[in-house]
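Here is a short report for a reader new to this structure.

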Amino acid sequence: MTLYSRITGTGSYLPPRRVSNDELAQELAGRGIETSNEWIVERTGIHARHFVADGVNSSDLALEACRHALEAAGRSAAEVDLIIVATSTPDMVFPSSAAILQNKLGIAGCPAFDVQAVCSGFVYALTVADAMVRTGAAKCALVVGAEVFSRILDFNDRTTCVLFGDGAGAVVLEASDTPGILASDLHADGSHVGILCVPGHVSGGQVLGTPLLHMDGQAVFKLAVRVLEEAARATLAKAGKTEADIDWLIPHQANIRIMQGTAKKLKLGLDKVVVTVHEHGNTSAASIPLALDAAVRGGQVRTGDTVMLEGVGGGFTWGAVLLNL
Ligand code: ACO
């Protein structure tokens, strides 16, 4: 039995259309909605986000991210024996975006499924893939976060539509004799469903309820900072490590103030936190693998570094993964 799983390649993809705060503010002004670059930067740290073109789906973004990750790992799609896609904005109700992605990769036969844990989706997916690799069920997995949140934003609600963006990130996770994933810690508390949700659903040929994102920002903020600290500490304890062992913290890129709050509670300097929210906005399940790939390709995070990934999102769900790159 394989003892460990390890990330051997990372990749990401952003749709080409970059929308600055000023551009978004101008578009919203056309709807009679007032916002400004200053407000968005001060409250969130976001300067821009990327939005997909019509007809582009999560699996299309995932495909590009996977191609880059496979190239970085020196693997071909034919070697992949497991695909897990974390998404809350799947291409369709079913089949899964993972099955659609598998076909776009030109392969067939290996298990492929989606994980729905909103912004925690990637840490959930990575934890499941790690377990499958360690039990021998897979040797070379693609673990992906892919989202087209622009499709579920209410552009008449300035408190939410300025926060999110589209994109995808992926890793190749392989069986390894040396430790990669060290420990993980996942949680959910369904009593908080109402503070962050897209209540719309398909029924009898119609969409019932609003198919647009609803969020109580302040309730989410408070909960997020608390659970992110708890998840990080629990994961460190499981791995027999302390905060001092963390080379890089890669939190879900929701809001710079949540990230600053979490880093402070963990007594980590901001120079140890990977930040991409300024250019990506909140890309939900895609945000962590997008940030990881940006940090790897930018030369910040290097092979051998100890990295803490942390997600938190609708459900409420949260969790963390500690790994050696
Ligand atoms: N532009 C200008 N003004 C705005 C905007 C905007 N885009 N949005 C809200 N305002 C106004 C409000 O109407 C309010 O005005 P009022 O005082 O006249 O009533 C004022 O700004 C303050 O609003 P608050 O909601 O109190 O602003 P707050 O400081 O809480 O910031 C925010 C809002 C950014 C959403 C914050 O609550 C937050 O970061 N929450 C965390 C939520 C988050 O990041 N979620 C991401 C998804 S969840 C996840 O990924 C974990």
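## The nonpolar core

A nonpolar core is a set of buried Ala, Val, Leu, Ile, Met, Phe, Trp, Tyr and Cys residues joined through side-chain atoms within 4.5 Å. Buried here means under 20% relative accessible area. The model is predicted. Its largest nonpolar core has 45 residues. Leu24, Leu28, Phe155, Val162, Met308, Val312 and Phe316 touch the most other members. At least two residues of this core come from each of α1 (21-29), α7 (217-239), α8 (256-265), β14 (306-313) and β15 (317-324). The top contributor is α7, with 9 residues. Domain 1 (4-176) and domain 2 (181-324) each supply at least three residues to this core.

A second core is separate and holds 33 residues. Ala86, Val133, Val301 and Leu325 are among them. In soluble globular proteins, nonpolar side chains tend to be buried together.

## Around valine 312

Which residues does valine 312 touch, leaving out those up to four places away in sequence? They are Cys119, Ser120, Ala224, Val227, Leu228, His252, Thr317 and Trp318.

## Helices α7 and α8

How do α7 and α8 cross? Their axes come within 9 Å, at an angle of roughly 40°. Angles under 35 degrees count as roughly parallel, and 65 to 115 as roughly perpendicular. The two helices are therefore oblique to each other. Their crossing is right-handed.

Residues from both helices meet here. From α7 come Phe221, Ala224, Val225, Leu228, Glu229 and Arg233. From α8 come Arg257, Ile258, Gly261, Thr262 and Lys265. Two of the α7 residues, Ala224 and Leu228, also touch valine 312.

## Two domains

The domain assignment gives domain 1 (4-176) and domain 2 (181-324). Taken over C-alpha atoms, their centres are 14 Å apart. Across the boundary, 54 residues of domain 1 contact 46 residues of domain 2.

## Alanine 69

Alanine 69 sits in helix α3 (residues 58-73). Is alanine 69 buried or exposed? Its relative accessibility is 0%, so alanine 69 counts as buried.

Alanine 69 and valine 171 are 102 residues apart in sequence. In space, their C-alpha atoms are 5.6 Å apart. Alanine 69 touches Val171, and also Gly9, Thr10, Gly11, Ala170 and Val172, not counting residues up to four places away in sequence.

Key: Residues are numbered from 1 along each chain as its sequence is written. This is a predicted model: local features need pLDDT of at least 70, side-chain atom pairs count only at pLDDT 80 or more; totals for chains, interfaces and linings use all residues. Side-chain values use heavy atoms; hydrogens and water are left out. Buried means under 20% relative accessible area, exposed over 50%, partly exposed in between (1.4 Å probe, protein chains only). Helices (H or I, at least four residues) and strands (E, at least two) are DSSP runs, numbered from the N terminus. Domain bounds come from an automatic or database domain assignment. Contact means heavy atoms within 4.5 Å. Axes are lines fitted to C-alpha atoms, for helices over the stretch in contact, and angles run from 0 to 180 degrees between N-to-C directions. Angles under 35 degrees count as roughly parallel, over 145 as roughly antiparallel, 65 to 115 as roughly perpendicular and the rest as oblique. A crossing is left-handed if the near helix is turned anticlockwise from the far one by less than a right angle, and right-handed if clockwise.
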